[in-house]
Amino acid sequence: MTALLQTRGLVAGYEPGLAIVKGASISVAEGEIVVILGPNGAGKSSLIKAIAGLVPVTDGQVLLRGQDITRVPAHLKIRHGLAFVPQTENIFPLMTVEDNLRVAIGIFADRPTGPGIDEMFALFPDLARLRSQ
């Protein structure tokens, strides 16, 4: 069985020659929940960001459903089915609620049955009341 998400010997870091993630290999099956534990500064967030393409990978592989997406640019990984939602700063604070949702909807623009703004507000009725804030 092919893992849904897998890393093989992943090496990554913010600066050339200074690896934060050193040889990480993980395998996540579909439906499985995996927890990455470690003290502050251990590289947990850097590992996730490397998988998402937000931290440069210098060695190893990231596989999604068996397909190598290591070198796929971060903004194109969503087309392969990978998304990253940060713990904080995951909205555009100077934009309205509706504008933020329109950005998210834009990700699905190439899909014929992608969600529209009305469907989004139906899913999140509290946001509908705040749409202009």
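**Salt bridges, a patch and a pocket**

Visitor: Arg129 and Asp126: buried or exposed?
Guide: Relative accessible area decides, with a 1.4 Å probe and protein chains only: buried is under 20%, exposed over 50%, partly exposed in between. By that scale Arg129 is exposed, and Asp126 is also exposed.

Visitor: What kind of model is this?
Guide: Residues are numbered from 1 along each chain as its sequence is written, and side-chain values use heavy atoms, leaving out hydrogens and water. Local features need pLDDT of at least 70, side-chain atom pairs count only at pLDDT 80 or more, and totals for chains, interfaces and linings use all residues; the model is predicted.

Visitor: Arg129 and Asp126: buried or exposed?
Guide: Relative accessible area decides, with a 1.4 Å probe and protein chains only: buried is under 20%, exposed over 50%, partly exposed in between. By that scale Arg129 is exposed, and Asp126 is also exposed.

Visitor: What kind of model is this?
Guide: Residues are numbered from 1 along each chain as its sequence is written, and side-chain values use heavy atoms, leaving out hydrogens and water. Local features need pLDDT of at least 70, side-chain atom pairs count only at pLDDT 80 or more, and totals for chains, interfaces and linings use all residues; the model is predicted.

Visitor: Which residues do salt bridges with shared partners join into one network?
Guide: The structure holds three salt bridges. Those that share partners form one network of Glu98, Arg102 and Arg131.

Visitor: Why are Arg102 and Glu98 about one helical turn apart?
Guide: Their side chains meet in a salt bridge, 2.8 Å from N to O. Glu98 is buried at 17% relative accessible area, whereas Arg102 is partly exposed at 44%. They are about one turn apart because, in helix α3 (residues 97–106), their spacing is four residues.

Visitor: How many residues apart in sequence are Glu98 and Arg131?
Guide: Arg131 is partly exposed, at 32% relative accessibility. The side chains of Glu98 and Arg131 meet in a salt bridge of 3.1 Å, N to O. Glu98 is in helix α3 and Arg131 in the segment after α5 (125–129), so the pair ties together parts whose separation in sequence is 33 residues.

Visitor: How many helices and strands does the protein chain have?
Guide: Helices (H or I, at least four residues) and strands (E, at least two) are DSSP runs, numbered from the N terminus. Along the sequence, the pattern is β-β-α-β-β-α-α-α-α. The totals are five helices and four strands.

Visitor: Where is Leu54?
Guide: Leu54 is partly exposed, at 46% relative accessibility. With Val34, Ile36, Ile48 and Phe84, Leu54 makes a nonpolar surface patch of about 370 Å². Its place is the loop between α1 (44–52) and β3 (57–64).

Visitor: Which element gives the most to the lining of the second largest pocket?
Guide: That pocket holds about 410 Å³ of space. Of its 18 lining residues, the closest to the centre are Leu5, Val28, Ile48, Ile51 and Leu82. β2 (21–28) and α1 each supply at least two lining residues. The most, five residues, comes from α1.

Visitor: What classes of residue line the second largest pocket?
Guide: Ala, Val, Leu, Ile, Met, Phe, Trp, Tyr, Cys and Pro count as nonpolar, Asp, Glu, Lys and Arg as charged, and the others, Gly among them, as polar. The lining has 14 nonpolar, two polar and two charged residues.

Technical notes. Patches are made of residues with over 30% relative accessible area and no salt bridge: like charges are joined within 9 Å, nonpolar side chains (Val, Leu, Ile, Met, Phe, Trp, Tyr) within 5 Å. Accessible areas come from the Shrake-Rupley method with a 1.4 Å probe; for residues, only the protein chains shown count as cover. A salt bridge is a side-chain nitrogen of Lys or Arg within 4 Å of a carboxyl oxygen of Asp or Glu. On a 1 Å grid over the protein atoms alone, a cavity is a set of points where a 1.4 Å probe fits but cannot get out, and a pocket is an open set with protein on both sides within 12 Å along at least five of seven lines; lining residues have an atom within 4 Å of a point. Grid points are joined across faces, edges and corners, and a volume is the space filled by probe spheres set on the points.
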